[in-house]
Amino acid sequence: MFAAERRQLILEMVRANGAVSLRELARVVQTSEVTVRRDVRALEAEGLLDRRHGGAVLPGGFTRESGFPQKSHLATAEKTAIADLAASLVEEGEAIVVGAGTTTQELARRLARVPGLTVVTNSLLVAQALAHANRVEVVMTGGTLRGSNYALVGSGAEQSLQGLRVSRAFLSGAGLTAERGLSTSNMLSASVDRALVQAAAEVVVLADHTKLGTDTMFQTVPTDLITRLVTDEPPAHDDRAGGELQALADQGVQIAVAGAGGGETGPAGGRQARRDVGLPGPRRQGPTAPQLRSAPVLGDPPGGDRPARVADLRRR
């Protein structure tokens, strides 16, 4: 493929998806990340796109939200590794909330193996993934269906979450920075995500490395409310993503990094290796950066296949 053809294809992918990682661009155009980085730099010089933390985005600062069909094909290996690790945090009999997104959908598929679980969600895709789970109760919010991501939003969804209390919330988003926290490009989705956060004692953010350092219009979770970030290993050359991880850790966010390329394989075929950035003590105290520490390989929760019970939160 000639350089002009590569760059046209790169530009079409960014326009279609809003944001694409260098790794994904290299895979599609069948060349090295070094070559893709050179192409992206040339397109940026023409004002056709912006480089952003290991990827490329539409020009103009804030990225727009991609539709579900586009997002479901981006960073699939990374999302799988993140979902494997996040599922290992959930215990039998726990009550949690799970927000909308392609990464949280992957998480839900793994939660189907956790018996006695109660999952509150505004996502039709999360509910579908758990529909035939063994001893998993699915509680759906009310609200208006937002077709682009199959999520229930609006005042009905927010009101149905009032008075709810669960152990933790698992959320995704369009961008994550140490300065502003988790954000998304849709106002209605952001409002419901904030209501999900209010219902949880802890907040776990699921975000692959392409979202690190990306800022979008509407803040959903400020950094000081994020308990843990589950992400994948940024490319070695992506110093900005690594710096963003360190900045998040400095502010008290515990970081678990799932290996999308080098981790061991668990019983269900998902890679389970992780490393954690430990908390340096109480949140937001002390200037010393936390040190990396290794953690054991985590296995999948036990399985089963009995149908789930689906309830409407408005009747509870």
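## Nonpolar cores

In this predicted model, the largest nonpolar core has 33 residues, of which Leu176, Val205, Leu229, Leu248 and Ile255 touch the most other members. Two or more residues each come from β9 (166-171), α9 (187-198), β12 (200-206), α10 (239-250) and β15 (254-258). Apart from this core lies another, of 31 residues, which includes Ala133, Val136, Met140 and Ala258. A nonpolar core is here a set of buried Ala, Val, Leu, Ile, Met, Phe, Trp, Tyr and Cys residues joined through side-chain atoms within 4.5 Å. Buried denotes under 20% relative accessible area, exposed over 50%, and partly exposed the range in between (1.4 Å probe, protein chains only). In soluble globular proteins, nonpolar side chains tend to be buried together.

Leu176 has contacts (heavy atoms within 4.5 Å) with Gly181, Leu182, Val205, Ala207, Lys211, Leu212, Gly213, Thr214, Ile226, Leu229, Glu244 and Leu248, leaving aside residues up to four places away in sequence.

Strand β14 (residues 228-232) is mostly covered, with 5 of its 5 residues buried. Arg228, Val230 and Asp232 point one way from β14, while Leu229 and Thr231 point the other way. Helices (H or I, at least four residues) and strands (E, at least two) are DSSP runs, numbered from the N terminus.

β14 runs parallel to β12, to which 3 bridges join it; Arg228 in β14 is the bridge partner of Val204. With β15, β14 pairs in the parallel sense over 5 bridges, and Val230 stands opposite Ala256 in β15. Pairing requires that DSSP find at least two bridges between two strands.

Leu124, Leu145 and Tyr150 form a nonpolar surface patch with about 250 Å² of accessible area together. Patch residues have over 30% relative accessible area and no salt bridge; like charges are joined within 9 Å and nonpolar side chains (Val, Leu, Ile, Met, Phe, Trp, Tyr) within 5 Å. A salt bridge is a side-chain nitrogen of Lys or Arg within 4 Å of a carboxyl oxygen of Asp or Glu. Areas follow the Shrake-Rupley method with a 1.4 Å probe, and for residues only the protein chains shown count as cover. Leu124 belongs to helix α7 (residues 124-129) and is partly exposed, at 31% relative accessible area.

Arg109, in helix α6 (residues 102-111), is partly exposed at 41% relative accessibility. Its C-alpha atom is separated by 8.9 Å from that of Ala133, 24 residues apart along the chain.

## Basis of the values

Residues are numbered from 1 along each chain as its sequence is written, and side-chain values use heavy atoms, without hydrogens and water. As the model is predicted, local features need pLDDT of at least 70 and side-chain atom pairs count only at pLDDT 80 or more, whereas totals for chains, interfaces and linings use all residues.
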